[in-house]
Amino acid sequence: MELSATAEEKPLQTNEENRNGHVLVADNERNGFRETAASKEEEAGFLESHRGDLSAMEIGDSPRVETVSGDRDTWASHREYLLSMIGFCVGIGNLWRFPYVCIRNGGGVFLIPFFVSILLCALPLFFLESTVGQFLQQGPIHVWRALCPLSKGIGVSMNMICLLTGWYYTVLIAWSLIYAFHSFRSPLPWTLCNQTWNTENCVSNSHIASALSKGTVNLTPLNGTADPGNVTYVLATSITDDANQTLLNASDSANLSSVVIPAARSASEEFWLHNVLEISSGLEDMGGLPWHTVLALFVATSVIALGIAKGIKTSGKVVYITATLPYILLTVLLIKGATLPGASKGVTFYVKPDFSKLLHMEAWVEAAIQVFFSLGVSYGSLITMASFNKFKNNCLRDSIIVCLVGECTSVYGGFAIFMVLGHMAHIYDQPVETYARSGPGLAFVVYPEAIAQLPFPQFWGLLFFLMLFTLGLDSQFNVMETLLTDIVDLNPRLFSRWRILLTAAVMTFVFLLSVPFAARGGVYLFQLVDWYIAAYTVIMVGILECIIVGWIYGTDYIQKDLEMMLGSKQHIFTLLWKFVTPLLLTLVFVSIVLVYKPPTYEGYHYKAWGEALGWFMASVSFVPVPVMAVHQVWKTRGDSLMERIRKSLRPTSEWRPANVEYRTYYKRV
């Protein structure tokens, strides 16, 4: 237990006095106060505003040894923090998901619910997490344990989300490396048929181009779905392969306008499925481990480990490259795309507004989902990165900058994507929607096929997949740093000395954990994890964060904490944290549950045990929240259950400014 008094005067305090919250110290010159009779009233007001029964001993938490703020690493410059946060928020999903969601929900008009969701949902949570992380300068486990002991399971839940995300996200980086390697080959391997990995249903770009020069080709999606891999080819002439062997002769059909190649696949999709993935028949058939995928996974994990070997001392320097390079490459692709025939066709399809979609609840829900997941709130990474800030850093300004830059990048990237897809549609004389896909289908099937139509396709392919690689690295840097920071914070003096070995151990564990994704059935596991892992827990955690800060700790107190850091209160966020943001997140959560349907991949339907595995992964990261809450109530001393709960809801003595100069009049005893 710590007592705040002057060096000259340390009066004893009764237990009743010790219960009364903050004690002002007489070392007031350093903290901007003057020790005069006139200041007594001001000091009494400050004392009253922070009054509460906050005895750490009574809620079962032992006092921590006080550490000096300077013992913790801080960003070498403000630029490093901004670049790290932008790199984290701008990931692969910004390119492969946003454009598809945009065109599905009204094109350009989707930007209205999109930016409304940023202001009302994403920004408040982003600012909240940045605030608590910067105030305490600790990782998520320690932040939630100090702010509300009953909610300390939230910090553990955030770490589990990061572990699960790092578990499967690394394989995306590995796939990007595989494609980047193959981009050096001429011709590009995903443009060819008659290779060792191809099936008899493969149709290459050259076949289609040849048919176009002789007749007409009409690509229409099978079963009414926009899947350019499974297409029906309608011909008025024959298609031959590179050896002049007839694959299909339209004259053999009585009706020349409806000749079909059953279950035809593009060369690009066959390369993805049968060369990169070497896909098996399903989740129950994991098959062996293709050496090239394991090697790429090892390289990706090693690069991540090197980037965070010494924490922000290394990652803060690496982000100057990994956070800026994607913008350079994306701009180059966009400029090139703007010069291609048919680019305007793709842009028109991308931004053409359909105002009727504003009347559909689905568009608003999908906008909230998009901004929530793309900014990475509720993962704990925002708390971790903000914990390395200086105490007086303007975290509100930074939150606004990162949110706007991150989400505007999604819009910006959509132009680069659809310009090239518009060019592809122009070449084949097809509607752009034929190629509108999201997820790996866009990044590893459709876009590579579109790149193959450009002059010097090897150069553009290397640029695109290098961009995906750096986008993935930035996200993984912050995700893994969150795990490592919470481990280091358990015993800073011990783990800081062995930080490199700790990083190597954690990343080795993550690599071994990720090996199943490299198996021939790994893509089915990837789809299952991607479908379930982030759909439920992160939203529930976001709702709880708003409840804890807005209702339990109290917006009055958090506003005073903000005033200490920023010099002013931010009252608009009181309304958002208490009402608007949790209500929106609740609506999103309910909508996700109501429209739930089991995942599928390439026509494969998961069996009951596969779905059960998915639900287990969806719920396991949330389990620490109720379990640790019950444990906290059980170990807290009190005469009744309600008294134990009340004490467990109060901040501990650990919740105090990270800046030691401000602790002198903020300390809780």
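1. In this predicted model, Arg72 sits in the loop that connects helix H2 (40-49) to helix H3. Its relative accessibility is 14%, and Arg72 therefore counts as buried, the cut-off for that class being under 20%.

2. The side chain of Arg72 takes part in two polar contacts that deserve attention. One joins the side chain of Arg72 to that of Ser387 at 2.8 Å. The other joins the side chain of Arg72 to that of Asp489, also at 2.8 Å.

3. Which residues does Arg72 touch, when those up to four places away in sequence are not counted? They are Gln137, Gln138, Gly139, Ser387, Phe388, Thr485 and Asp489.

4. Helix H3 (residues 78-89) packs on H19 with an angle of about 110° between them and a separation of 7 Å between their axes. H3 is therefore roughly perpendicular to H19, since the range for that description is 65 to 115 degrees. The crossing in which H3 passes H19 is left-handed.

5. On the H3 side, this contact is formed by Ser84, Met85, Gly87 and Phe88, and on the H19 side by Leu471, Asp474, Ser475, Asn478 and Val479. Sorted by class, the residues of the contact between H3 and H19 comprise four nonpolar, four polar and one charged.

6. Asn478, one of the H19 residues in that contact, belongs to a helix that covers residues 457-490. Is Asn478 buried or exposed? At 4% relative accessibility, Asn478 counts as buried.

7. A polar atom of the Asn478 side chain lies 3.2 Å from the backbone oxygen of Ser84. With neighbours within four places in sequence left aside, the contacts of Asn478 are Ser84, Met85, Phe88, Ser381 and Met385. Among them, Ser84, Met85 and Phe88 are also listed for H3 in its contact with H19.

8. A further helix pair concerns H8 (residues 153-182) and H26 (residues 624-635), which pack at an angle of about 150° with axes 8 Å apart. The two helices are therefore roughly antiparallel to each other, as angles over 145 degrees are so described. H8 passes H26 in a right-handed crossing.

9. H8 contributes Gly153, Ile154, Val156, Ser157 and Met160 to the contact, while H26 contributes Pro624, Val625 and Met628. By class, the contact of H8 with H26 holds six nonpolar and two polar residues, with no charged residues.

Note on methods:
Residues numbered from 1 in each chain as written. Predicted model: local features only at pLDDT ≥ 70, side-chain atom pairs only at ≥ 80, totals over all residues. Heavy atoms only, no water. Helix = DSSP H or I, 4+ residues; strand = E, 2+ residues; numbered from the N terminus. Buried < 20%, exposed > 50% of the residue type's maximum accessible area, 1.4 Å probe, protein only. Polar contact = N/O pair within 3.5 Å; in protein donor to acceptor, adjacent residues only side chain to side chain. Contact = heavy atoms within 4.5 Å. Axes fitted to C-alpha atoms, helices over the stretch in contact; angles between N-to-C directions. Parallel < 35°, antiparallel > 145°, perpendicular 65-115°, else oblique. Left-handed = near helix turned anticlockwise from the far one by under 90°. Nonpolar A, V, L, I, M, F, W, Y, C, P; charged D, E, K, R; others polar.
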